Amino acid sequence: MFSRVLCLLACVGLMPVALAAPQDPYQLIDVVAQSTFKRMNKEQARIHQEPGYLRQVIREELLPYVDNRFAAYKVIGSNIKNTSPEQRDRFTEAFTDYIVATYADALGKYDNQTIQVEPAKPLGEQKIASVSVKVLEPGAPDITVIFKMRQNSKTGEWKAYDMVAEGISLLAAKQSELGGMIRQQGIDKVSAMLEEHNSKPATLPSKNS
């Protein structure tokens, strides 16, 4: 079930559009999600012919709307005081590539879901927002996904740094998994492990997996 949720997260949540991003996090998710569904429908033939193309799409379209350095530093956690800037940069790059590969795997399961984004709420001076998205699929229970958004205090841009499905935070899961490994084995070894994982050829998973 969680792999299905991950698939839907990748499909609905964060694929940006070529237009300038809305500065309201609710509108951003709505515009991006609708654009994503349209693009995925259009690109199905190439996706099935070239599984690696998904990683290219994600890198070109997704990353501008993900606060990957913030997320990477959250995963490093308190271990950050024992790392150098070069080590942090290497881990951030490896972690970003890992997220790209993970979403590419998930996007391979895309199959005509639709979404409903919750109405916008007043934010006031808040810099953190949670945007709830309902994923609708014929013949399957609705799934609610919560996107954690963070506003950059300098640029005013909203970017996603986490998502929660079935009460599971993907960021928290990676903090527990990779953060513990960094403490035990060191950040260089974990970066190397992620780099090895990222180097594996892309494949299209079964939509039923």
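Here is a short tour of the sheet and the nonpolar cores, stop by stop.

Before you start clicking: this is a predicted model, where local features need pLDDT of at least 70, side-chain atom pairs count only at pLDDT 80 or more, and totals for chains, interfaces and linings use all residues. Residues are numbered from 1 along each chain as its sequence is written, and side-chain values use heavy atoms, with hydrogens and water left out.

**Stop 1: the sheet**

Colour the strands (DSSP runs of E, at least two residues, numbered from the N terminus). Strands count as paired if DSSP finds at least two bridges between them.

**Stop 2: across the strands**

Start with strand 1 and strand 2, which pair antiparallel over four bridges. Select Ile 115 and you'll find its bridge partner, Val 135, in strand 2.

Move on to strand 2 and strand 3, antiparallel and joined by eight bridges. Show Ser 132 with its partner in strand 3, Ile 146. These two strands make a hairpin with six residues between them, and Gly 139 in the turn has a positive phi of about 80°.

Next, select 143-151 and 158-165, which are strand 3 and strand 4, paired antiparallel over seven bridges. Arg 150 sits opposite Lys 159 of strand 4 here.

**Stop 3: Gln 151**

Stay in strand 3 and click Gln 151. Is Gln 151 buried or exposed? With 18% relative accessibility, Gln 151 counts as buried (buried is under 20% relative accessible area, exposed over 50%, partly exposed in between, using a 1.4 Å probe and protein chains only). Beyond neighbours within four places in sequence, Gln 151 has contacts (heavy atoms within 4.5 Å) with Gln 126, Lys 127, Gly 156, Glu 157 and Trp 158.

**Stop 4: the cores**

A nonpolar core is a set of buried Ala, Val, Leu, Ile, Met, Phe, Trp, Tyr and Cys residues joined through side-chain atoms within 4.5 Å. The largest has 32 residues, and those with the most contacts inside it include Leu 28, Phe 147, Met 149 and Trp 158. Helix 2 (25-49), helix 3 (53-61), helix 5 (85-107), strand 2, strand 3 and strand 4 each supply at least two of its residues. Helices here are DSSP runs of H or I, at least four residues. Helix 2 gives the most, with seven.
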